[in-house]
Amino acid sequence: MEGPADIEFTDALVELVRRAATQLPADMERALKEGVEEEAHGSAARGALDSILQNVQLARTHSTPICQDTGTPIFEIFHPLGVSTRAVADQVRKAVAIATERAFLRPNAVDPLTGKNSGDNTGEDFPTLHFHEWERDHLHVDLVLKGGGCENVSTQYKLPDGRLGAGRDLDGVRRVVLDAVHQAQGKGCAPGVLGVAIGGDRGSSYIKAKQQLLRGLDEANADASLAELEATLTREANDLGIGPMGFGGRTTVLGVKIGSQHRLPASYFVSVAYMCWANRRASMDVSAGAGGVEVTYA
Amino acid sequence: MRRLTIPIPDEEIRALRVGDAIQLNGTIVTGRDAAHKFMIEHFVRQSVAEEDAELYDELRRLLNGGVIYHCGPVVRQHQDGSWTFVAAGPTTSIREEVYQPDVIAHFNLKGVIGKGGMGAGTLEACRSQPAVYLHAIGGAASLIARSVDEVVAVHKLEFGVPEAMWVIRVKDFPAVVTMDSHEESLHKRVEEESRKKLADLLAR
């Protein structure tokens, strides 16, 4: 990468935000379509999924937000050695402000002390930025727009949990995740996707759980025991019968994605990041060469 | 599909049952966390201050027999100062549970639109008023915005765009009755049934 330190890609970041806010990823849309077939004709559940799919189409066609709650923009940025993360952060903040002005994002950053909305989605530690240096010579940006309704039903457990009979093992994880789905009912805009993290401390566990949401629905877990637990939890969560919007029905979650990290001997945390059906994620690769900046969206 | 027009007469409310799909017509007002807190603190629990009198009178007129919508929209402002709703789905209603019964009674609301359902206090207010809880499809924001014909006015914009009280004229706004005036709540039913299924799964 030539001159990676001063790469200018604000426009590309604005476009990334636009894509995330207005275009539901293909795997999510496919899963919602499969969900329709699971629900009875004439049921409120089927009606909800039909409206959702109609909305997805409209948002894409008219380039308007899928959901009015465009959430917390979470950027995971992978960069080569030599890139100024400060300079990239400045461009990200500029980009979300522009995207807000263009009505791709709702102004969502509120000062908790004064109640004042900044008006442009920038504020203290807002948007969320995580930088990762990697060995490759281009930049990669993943973006998730994480809505507030589903954030409010996201939760964390400390095992063992006597109420749920959950010990420090994968069956314990299974129990608390099912409880989280029951607690959420339709409030997180079911059918959702669950990002689950096992281990870590309270802070790192929530971050890990959210990072699972970047995985495609069809992306198999490399760990066989976690892959099996993902399948079991998807099936059992749907057996709860909560259904789209909590109307009752067979489609409650569209997928479960689990990651793990080392924990302290004393702690065994399980975090559940509930993501609504509008699982808005978008990615791009950015490289700078003699011909200028090249951008590929995925 | 039943069409409802604001102001909604009590007999039409009483005829509605959980599961009924409706289309709403008329002028409604958005209000979520900041607006509910404000209405309780400035209108319901104390006499109305002079600087709030105009807003109070307008809300009384709009909400009498009317509907409040738990929504924080994405809006676009035009050169002439007018506004358009770009995306306008419902927000989670349960946060307003502590305020809702008093707001329903004070303003004679006939309906509350939101998502996720509300609790026992609101269900009781729906019975006594009478009123209904109307569930819009969460996240279907571009679709729902198309049923907003006109942004008539905005109040309390100092709360920020999502929290302001937007007065909007809607045409065939789609929703489902999930709490009716006969003490029926779909949310209560689904919560209880899913709790039993959870117990079965945890017994394994």
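Two strands are taken to pair if DSSP finds at least two bridges between them. Strands themselves are DSSP runs of E with at least two residues, and helices are runs of H or I with at least four, both numbered from the N terminus. The model is predicted, so local features need pLDDT of at least 70 and side-chain atom pairs count only at pLDDT 80 or more, while totals for chains, interfaces and linings use all residues. Residues are numbered from 1 along each chain as its sequence is written, and chains are lettered from A and ligands numbered from 1 in the order in which they are written.

In chain A, four strands make an open sheet with mixed pairing, in the order β4-β7-β5-β6. The edges are β4 (155-158) and β6 (253-260) of chain A; each has a single partner strand, so one side of each is left without a neighbour in the sheet. From one strand to the next the twist averages 15°; angles run from 0 to 180 degrees between N-to-C directions, with axes as lines fitted to C-alpha atoms, for helices over the stretch in contact. Strand β5 (residues 192-198) of chain A runs parallel to β6(A), and seven bridges join the two. In this pairing, A:I198 is opposite A:S260 of β6(A).

Helix α6 (residues 170-184) of chain A packs on this sheet, touching β4, β5, β6 and β7 (269-275) of chain A, and its direction makes about 35° with that of β7(A). Contact here requires the C-beta atoms of two residues, placed from the backbone, to lie within 7 Å. Helix α7 (residues 202-211) of chain A also lies across β4, β5, β6 and β7 of chain A, at about 40° to β7(A).

Between the chains, 45 residues of chain A are in contact with 39 residues of chain B. On the chain A side, α3 (44-62), α5 (148-153), α6 and α8 (224-239) each supply at least two residues. The most comes from α3(A), with 10 residues.

Chain B has seven helices and nine strands. Its radius of gyration, taken over C-alpha atoms, is 17 Å. The globule rule (2.2 Å times the number of residues to the power 0.38) gives 17 Å for 204 residues, so chain B is as compact as a globular protein of that length. Along the principal axes, the C-alpha atoms of chain B fill a box of roughly 60 × 40 × 35 Å. Among chain B contacts between residues at least 6 apart in sequence, 64% join residues at least 24 apart.
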